[in-house]
Amino acid sequence: RMLNNSLENRISIDPKICFGKPCIKGTRIPVYMILELIEAGYTIERILADCYPQLTREDVQAAIHYAVGIIKNEDILIQETA
């Protein structure tokens, strides 16, 4: 539980920053940009070394944790086709 709380505290949503998109707290780096790098095959180490050296491993993990939480709690409506 404590790990989750510490990760959640690393994400901020502010309508004045990046149009309210979830960002790494204290930055203008949206969560989706971290996820796009992971989608492109970047490791956490490469993200930190090549893209965002100002972030920590915990920041990147928080972005992943945040996205998982959204998907996990999403309600899916399935329409049956005739």
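The following questions and answers go through a predicted model of a protein, element by element.

Visitor: How are the residues numbered, and which pLDDT cut-offs apply?
Guide: Residues are numbered from 1 along each chain as its sequence is written, and side-chain values use heavy atoms, with hydrogens and water left out. As the model is predicted, totals for chains, interfaces and linings use all residues, whereas side-chain atom pairs count only at pLDDT 80 or more and local features need pLDDT of at least 70.

Visitor: In what order do the elements of the protein run?
Guide: The elements are DSSP runs numbered from the N terminus: helices are H or I with at least four residues, strands are E with at least two. The protein has 4 helices and 2 strands. From the N terminus on, the order is α-β-β-α-α-α.

Visitor: What percentage of the residues of the protein count as buried?
Guide: Buried means under 20% relative accessible area, exposed over 50%, and partly exposed in between, with a 1.4 Å probe and protein chains only. The protein has 82 residues, and the buried part is 26%.

Visitor: Which residues of helix α2 are buried?
Guide: Helix α2 spans residues 31-39, and its buried residues include Val31, Ile34 and Leu37. They cover an arc of only 125° around the axis, which puts them on the same side of α2; the arc is that of the directions from the helix axis to the C-beta atoms. An α-helix has 3.6 residues a turn, so residues three or four places apart point the same way. The residues asked for are Val31, Ile34 and Leu37.

Visitor: At what angle do α2 and α4 pack?
Guide: Axes are lines fitted to C-alpha atoms, for helices over the stretch in contact, and angles run from 0 to 180 degrees between N-to-C directions. The axes of α2 and α4 are 9 Å apart, and the angle is about 95°. That makes α2 roughly perpendicular to α4, since angles under 35 degrees count as roughly parallel, over 145 as roughly antiparallel, 65 to 115 as roughly perpendicular and the rest as oblique. The angle asked for is about 95°.

Visitor: Which residues make the contact of α2 with α4?
Guide: From α4 come Val60, Ala63, Ile64, Tyr66 and Ala67. From α2 come Val31, Ile34, Leu35 and Ile38.

Visitor: How many residues does the largest nonpolar core have?
Guide: A nonpolar core is a set of buried Ala, Val, Leu, Ile, Met, Phe, Trp, Tyr and Cys residues joined through side-chain atoms within 4.5 Å. Those with the most contacts inside the largest one are Ile24, Ile29, Ile34, Ile47, Tyr52, Leu55 and Val60. Helices α2, α3 and α4 each supply at least two residues of this core.

Visitor: Is Val60 buried or exposed, and which residues is Val60 in contact with?
Guide: Val60 is in helix α4, and at 0% relative accessibility Val60 counts as buried. Leaving aside neighbours within four places in sequence, Val60 is in contact with Ile34, Ile44, Ile47 and Leu48.

Visitor: What is the phi of Phe19?
Guide: Phe19 lies in the loop between β1 and β2 and is exposed, with a relative accessible area of 82%. Most residues other than glycine have a negative phi. Phe19, a residue other than glycine, has a positive phi, near 55°.

Definitions and conventions:
Contact means heavy atoms within 4.5 Å.
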